[in-house]
Amino acid sequence: MFTGIIESQGKIVSVENQGANKTFWIESAISSRLKIDESLSHNGICLTIEEIQNNTHRVTAIKETIDKTNIEEWKQSDIINLERSMLMNGRIDGHMVQGHIDTKVKCLERKEMNGSWEFTFEFNKKFAFLVIEKGSICINGVSLTAFNVRNKKFTVAIIPYTFEHTNFSGIQKGSTVNIEFDIIGKYVTRITELRKTLG
């Protein structure tokens, strides 16, 4: 479980295809502090640490992860957002994030707002019920608030600190990002569906 508050950024050192899987070596300031079998959020994707060498760590994405995220597009030298799992003894500064990506979406617009930035994203309308005005949403592992919500798009605002300390600075019109919708909204929707079905 994560909070969507990015702890560090990592650089992809190498990418290797292994059957239907993809293995990544990632260099970061926190790699040497990780443990084997630890869960780490990579652009919002929960991946298991398999090996650590000095300031780099290795993770593998299987077909299910590759199909539902933008990890297929990751290449050597790309910068990704990293967050270690939350500790249950302090403040939750973002929102409850599982690291289980629901879908990938495209950036429709990036707008500079004289000191901040606004990014507008388009999503499949089947997810419309999970995006609400001023609701929480996780983009590339970053906990954000959606606004200007429409049937197929929404906007988020990025403050300078987030712009400088995450890979939002590299997101342009046409970029693909990972989305995780709010877990509470997903449970409420499921309960509502079951009540209709089961009577």
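A residue counts as buried when its relative accessible area is under 20%, as exposed when that area is over 50%, and as partly exposed in between. Keep those cut-offs at hand for this tour of a predicted model.

**Stop 1: F123**

Select F123 and show its side chain. F123 has a relative accessible area of 3%, and the limit for a buried residue is 20%, so F123 is buried. Colour by secondary structure, and F123 turns up in a loop, the one that runs between strand 9 (117–122) and strand 10 (136–139).

Which residues does F123 touch, leaving aside those up to four places away in sequence? Select V105, A128 and V131, then R150, N151, K152, K153 and F154; these are its contacts on that count. Next, pick the C-alpha atoms of F123 and T103 and draw a distance: the two residues are 20 apart along the chain, and the separation is 8.4 Å.

**Stop 2: the cysteines**

Select C138 and C46, and display the sulfur atoms. How many disulfides does a search of the whole structure find? The search finds zero. C46 takes part in no disulfide, and its nearest cysteine sulfur, that of C138, lies 12 Å away. A disulfide needs a pair of cysteine sulfur atoms within 2.5 Å. Seen from the other end, the closest cysteine sulfur to that of C138 is in C46, and 12 Å is too far for a bond.

Is each cysteine buried or exposed? C138 has a relative accessible area of 2% and is therefore buried. C46 is at 28% relative accessibility, so C46 counts as partly exposed.

**Stop 3: the whole chain**

Clear the selection and switch to a cartoon. There are three helices and 13 strands to find. Along the principal axes, the C-alpha atoms fill a box of roughly 50 × 50 × 40 Å. The radius of gyration is 17 Å, which agrees with the value near 16 Å that a compact globule of 199 residues would have.

Now show contacts between residues at least 6 apart in sequence: 67% of them join residues at least 24 apart. Buried residues account for 44% of the 199 in the protein.

**Stop 4: the surface**

How values were computed. Residues numbered from 1 in each chain as written. Predicted model: local features only at pLDDT ≥ 70, side-chain atom pairs only at ≥ 80, totals over all residues. Heavy atoms only, no water. Helix = DSSP H or I, 4+ residues; strand = E, 2+ residues; numbered from the N terminus. Rg over C-alpha atoms; globule rule 2.2 N^0.38 Å. Buried < 20%, exposed > 50% of the residue type's maximum accessible area, 1.4 Å probe, protein only. Contact = heavy atoms within 4.5 Å.
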